[in-house]
Amino acid sequence: MTPHFFGYGSLVNLSTHDYPDARNATLRGWRREWRHTDVQPFAFLSARPVSGAEIDGVIAAVPNAD
């Protein structure tokens, strides 16, 4: 089985990636959210499970199956 990645966020779309098999995808049951920690002075984009939520993004095979 070939590993794949799912990317999401305002800069992730088919225009920003040139993987040969990249395609639009929807991840159901998850919601995007900004998270803060005491480890870093800035927030990072993450996802958490939420019933009925959806995240639109891009899915593609991992280059060289790394």
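Modeller: A word first: buried means under 20% relative accessible area, and exposed means over 50%. The model is predicted.

Colleague: What share of the 66 residues of the chain counts as buried?

Modeller: The buried cut-off is under 20% relative accessible area. The chain has 66 residues, and the share that counts as buried is 20%.

Colleague: How many helices and strands does the chain have?

Modeller: From the N terminus on, the elements run β-β-β. The secondary structure therefore comes to 0 helices and 3 strands.

Colleague: Is the chain spread out or compact, judged by its radius of gyration?

Modeller: For 66 residues the globule rule gives 11 Å. The radius of gyration of the chain is 14 Å, well over that value.

Colleague: Which element has the highest mean pLDDT?

Modeller: Across the chain, pLDDT averages 90, and 100% of the residues score at least 70. Among the elements, β1 has the lowest mean, at 91. The highest mean, 95, belongs to strand β2.

Colleague: What part of the contacts with a separation of 6 or more joins residues 24 or more positions apart?

Modeller: Gly7 and Asp56 show how sequence and space can part ways: they are 49 residues apart along the chain, with C-alpha atoms separated by 8.8 Å. For the chain, residues 24 or more positions apart account for a share of those contacts of 58%.

Colleague: Is Gly7 buried or exposed?

Modeller: Gly7 lies in strand β1, residues 4–7. Beyond four places in sequence, Gly7 is in contact with Val12, Gly57 and Val58. The relative accessibility of Gly7 is 12%, under the 20% cut-off, so Gly7 counts as buried.

Colleague: Is Asp56 buried or exposed?

Modeller: Asp56 lies in strand β3. Leaving aside neighbours within four places, Asp56 is in contact with Phe6, Tyr8, Ala25 and Thr26. The relative accessible area of Asp56 is 57%, over the 50% cut-off, so Asp56 is exposed.

Colleague: How far is Asp56 from His36 in space, C-alpha to C-alpha?

Modeller: Along the sequence, Asp56 and His36 are 20 residues apart. In space, C-alpha to C-alpha, the distance is 23 Å.

Colleague: Which residues does Ala25 touch, not counting those up to four places away in sequence?

Modeller: Ala25 lies in strand β2. Thr37, 12 residues from Ala25 in sequence, is 29 Å away from C-alpha to C-alpha. Contact needs heavy atoms within 4.5 Å. The residues that Ala25 touches are Phe6, Ile55, Asp56, Gly57, Val58 and Ile59.

Colleague: What relative accessibility does Ser46 have?

Modeller: Ser46 has its place in strand β3, residues 44–61. Beyond four places in sequence, Ser46 is in contact with Tyr8, Arg31, Arg32, Glu33 and Arg35. Ser46 counts as buried, because its relative accessibility is 16%.

Colleague: How far apart are the centres of the positive and negative side chains?

Modeller: The chain has 6 positive and 7 negative side chains. The centres of the two sets lie apart by 9 Å.

Note on methods:
Residues numbered from 1 in each chain as written. Predicted model: local features only at pLDDT ≥ 70, side-chain atom pairs only at ≥ 80, totals over all residues. Heavy atoms only, no water. Helix = DSSP H or I, 4+ residues; strand = E, 2+ residues; numbered from the N terminus. Rg over C-alpha atoms; globule rule 2.2 N^0.38 Å. Buried < 20%, exposed > 50% of the residue type's maximum accessible area, 1.4 Å probe, protein only. Lys, Arg positive; Asp, Glu negative; His and termini not counted. Charge placed at Lys NZ, Arg CZ, Asp CG, Glu CD. pLDDT = per-residue confidence, 0-100.
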